[in-house]
Amino acid sequence: MFDEKGLRRMADTKTTVLTVLIGFGLALALVFSALSLVGSDEADARVGTYGKLKELRVRADSSMTGYSRDEFRHWSDAQDNGWRLPSGTPDPGSCDARDAALIRDGKRVRVGSGCYVSRGRWFDPYTGNVYYSPSDIDVDHMVPLAEAWRTGASRWSAAKRERFANAPLDVLSVEDNANQSKGDRSPESWKPPRTAYHCTYAKKWINVKYRWKLTATRVEKH
C-alpha cells in the first residue's frame, strides 16, 4: 500500500508526464503545419508561366454591361493594399497605390509631404525611353480594368475589385502615350512597342490572370 505522500508523488509524476506529452504533441503539430506550408509554397513555385497559362480557363469575354472604372476603386491607400514603402519615405500614410508605384519603379525619386512625387528617373519598359517628370508617366494596370471586368471581375465584390486595382503585382509605371495606346486591349491585339519586352509582358499578363482566376479567350491563350 502507498502512503499519502507516495500517492501524491505518483499523481505529480503523472501530471508532469501528461504535460510533457501534450507539449510534445503540440510541437509536432506545429512542425507538420510548417512543413505543409513550405510544401505548398514549393508546389506553387513549381507552377511556372507555362503551367499557369495551361490552367487559365478558356471562355468568351462577358458583356461590358454595367462597367465603369468607378467600379474599381483605384489609387487607394498603399499600405492597406500590400505596398512596402522605402524607409524614410516622408508621410508614408499619405501614399496611395499610384504614388507607391512611382516610388517603386523610379530611381532617385523625390517625395515631399503628402507623398507628393515631384521628380525622379523612370525607365519605361514599353518604349525603352527614360523620363524625369511624373507627369510623363501613367501607372498602367497590366490587365486593364475593362479586360478584368469582362473576364470575371464583373462578378466580384466591390472590395475585391478595389484590391485588384491597387495590388503591386498588377500595376506598372510606363510612358503615358504608350499606356493610352494600349487602352483595354489584350496581348493578341496590342504589345509594347519595345519588342525586347514582349516576353516579360506576356509573363506578367499570365501571372495576373492566374492569380485572380480571370479567364482568357481561346485566341488570347493560344
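Mentor: Let's go from the overall fold to a few single residues. First, the ground rules: this is a predicted model, where local features need pLDDT of at least 70, side-chain atom pairs count only at pLDDT 80 or more, and totals for chains, interfaces and linings use all residues. Residues are numbered from 1 along each chain as its sequence is written, and side-chain values use heavy atoms, with hydrogens and water left out.

Trainee: Which pattern does the protein follow along the sequence?

Mentor: Helices (H or I, at least four residues) and strands (E, at least two) are DSSP runs, numbered from the N terminus. Here you get eight helices and five strands, in the order α-α-α-β-β-β-β-α-α-β-α-α-α.

Trainee: And how much of the protein is buried?

Mentor: Buried means under 20% relative accessible area, exposed over 50%, and partly exposed in between (1.4 Å probe, protein chains only). By that cut-off, 36% of the 222 residues are buried.

Trainee: What is tryptophan 205 in contact with?

Mentor: Contact means heavy atoms within 4.5 Å. Tryptophan 205 sits in helix H7 (residues 198-211) and is buried at a relative accessible area of 3%. Leaving aside neighbours within four places in sequence, its contacts include Met142, Val143, Pro144 and Glu220.

Trainee: Which side chain makes a polar contact with aspartate 140?

Mentor: A polar contact is a pair of N or O atoms within 3.5 Å; within protein, one must be able to donate a hydrogen and the other to accept it, and residues adjacent in sequence count only if both atoms are side-chain atoms. For aspartate 140, in strand S4, the partner is the side chain of tyrosine 126, at 2.6 Å. Aspartate 140 is buried too, with a relative accessible area of 3%.

Trainee: Where is cysteine 115, and is it buried or exposed?

Mentor: Cysteine 115 is in the loop between strand S1 (106-112) and strand S2 (116-123), and it is buried, at 1% relative accessible area. Check its backbone as well: phi is near 60°, a positive value in a residue other than glycine.
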